[in-house]
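The notes below follow the order in which I looked things up.

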Amino acid sequence: RPLLLLLPATSPSSPLRRLLPPLSCHAREVLDVIPQRDGGDGSDRAPRAKGAGTNGATAAQVGVAREAGTKGRQGRSRHGGVARRWRRGEDRLARGERAADGEVQGKRWREGPTRDGELIERREARQARGGTLARESGKAGNLARGESQASGNVSKKGKKKAKGSENEGKLRVELDMCSKRGDVMGAINLYDSAVKEGIRMGQHHYSVLLYLCSSAALGFVQPAKSGNSGSGIASIGQLSSSSTESVGNLKCNDVSEGHSEDQERSKTDLFASDDDVTEKPSRIPVSDELREYARTRGFEIFEKMCSEEEKVPMSEAALTAVARMAMSMGNGDMAFDIVKQMKDQRIAPKLRSYGPALTAFCNSGNVEKAFEVEAHMLESGVRPEEPELETLLRASVVTQQGDRVYYLLHKFRTTVRQVSPSTAKLLEVWFRSSTASKVGKRKWDADAISKAIENNGRGWHGLGWLGRGKWTISHTHIDKNGVCLDCGEKLAIIDLDPKETEDFAKLVAKLAIKRERRSNFENFQKWLEKHGPFEAVVDGANVGLFSHKHLSLSKINIVADVIRQRFQSRKFPLIVVHNRHLTGERMQKLSNRKLAEKWKQSNAIYATPTGSNDDW
């Protein structure tokens, strides 16, 4: 395919126009629908009609430039031959052909107007036709006023409704622009004007207003288009300063100064890369006076949203913004109550909904309440991510709660797997502390520990801290075989734990029951309850067809015998095979019949019925 190079429209005399070869009609068509760019800020601006100031002049100039460029190309085809008219299809008019009434027919949305000048002409023509129709209808109304009075009233109502919708749409666009710029006062002024003019506001208007007010109440505004700048605590961006200082003041050995600064720096560096050249919107700091004003107005706007006269449906975004304003006052209880209201109103809370309450409780050192929030998250099906777990961990380290730290370490293990540098440094602070050296059991059953590790898929036992004394901390690397280069121990390969295995089995069974014919999978479950459990499973088709065109029962038997020898019980593994492999010419062979009979007598084979998928 030829390479299509799209460039901004240029004047006929520009060097770029002279250097480039003439574009095909399709390329010109694409260029015609691309919005023109203002040379100043690079933002997209639609061309205006005549009399619209400097932008109108710019649009006219671009239109002339395009017309000149088009005329210069009309005499040449793409390959330098005789010029011909390009057609998209035989049933459509060629580009430039016009009907008797002067309108271009057969246009499609992708074609768009041929030139900017033509676009302006059409817009003026539509306005002229609209004005003519309006005058004609006015004359007709004067001639037959009695007959059209009722329809005139309906028309007035329709015009009033259309005017209201137009004002609401305009307000929405202006509020979105305030959010994009981070203009809190501009948004509040728009709200005051809308209330004064009686413009009805909807859910989106209130959500943007509350987002801006809540952001300002926290001390900064991050420009965003719709107010959804992130999720969870990461979207708040204001973790506890008091808790961080307390972590730094925790009694421990060899803790470097400036820990909180390193945390923030490492958090930024974690996601930074040499390839990342996209500039992210910077935060706009807010004065203390504006913080208080924005919070006060925010609660006022929320009250109006909840008023009987407005009847605006509540949203998760609006309630989360109110919770953020409550957090700015240090009121964790209020922020938590807001989340509880979501469930009462059948609004599904998101991860970001819990951030304000969690942060407020952790900042104040109320760890019990913070873990109540975490329990509510799990009950609502919301899983905390690393920022939330790090906040809980910081509060637990500050309050020296070893059991909470142990619980969170396993949360990190199952949720995060690889922690960020800031979390790693926080863990180092904990293990260097005197509190960490004092927690742990003095006596334990070694056999019970080994059995727990095996049952949990290796790698962990989950029975709490074992032993007491000072922890040894070092920075090391792991080689490609999983061996620690510092202590020489090999890391365990972590398997699914019992709960994960149970959840996975339930999900598979649910899908199989839903998709299988009749009750085939339920029959298999009953058979399994009667003859199981099995320590291994052999996929008969997978093994039997390996390097064979037809399924080999003898190969299945070899694999099953080898597996059987590895178990103390000498019990056969479960062999799953579709019933079509146990019928037909294959079973006329005596050895195959003997193998199938042996497996059936040992209750070691399950033949899936016709219409079932043996993979389930």
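I began with strand pairing in this predicted model, where I found that β3 and strand β4 (residues 574-578) are paired in the parallel sense over three bridges. Looking up one of the residues involved, I noted that D539 has V576 of β4 as its bridge partner.

I then looked up the sheet as a whole, which is open and consists of three strands in the order β3-β4-β5, with parallel pairing. The edges are taken by β3 (537-539) and β5 (605-608), each of which has a single partner strand, so one side of each is left without a neighbour in the sheet. For the twist from one strand to the next I wrote down an average of 25°.

Next I asked myself which strands helix α22 touches as it packs on the sheet. I found that α22 (residues 520-531) touches β4 and β5, and that its direction makes about 170° with that of β5.

The crossing in which α14 passes α16 is left-handed. On the α14 side I listed L351, L358 and C362 as making the contact, and on the α16 side E388, T391, L392 and A395. Sorted by class, the contact of α14 with α16 has five nonpolar residues, one polar and one charged.

Note on methods:
Residues numbered from 1 in each chain as written. Predicted model: local features only at pLDDT ≥ 70, side-chain atom pairs only at ≥ 80, totals over all residues. Heavy atoms only, no water. Left-handed = near helix turned anticlockwise from the far one by under 90°. Helix = DSSP H or I, 4+ residues; strand = E, 2+ residues; numbered from the N terminus. Contact = heavy atoms within 4.5 Å. Nonpolar A, V, L, I, M, F, W, Y, C, P; charged D, E, K, R; others polar. Pairing = 2+ DSSP bridges. Axes fitted to C-alpha atoms, helices over the stretch in contact; angles between N-to-C directions.
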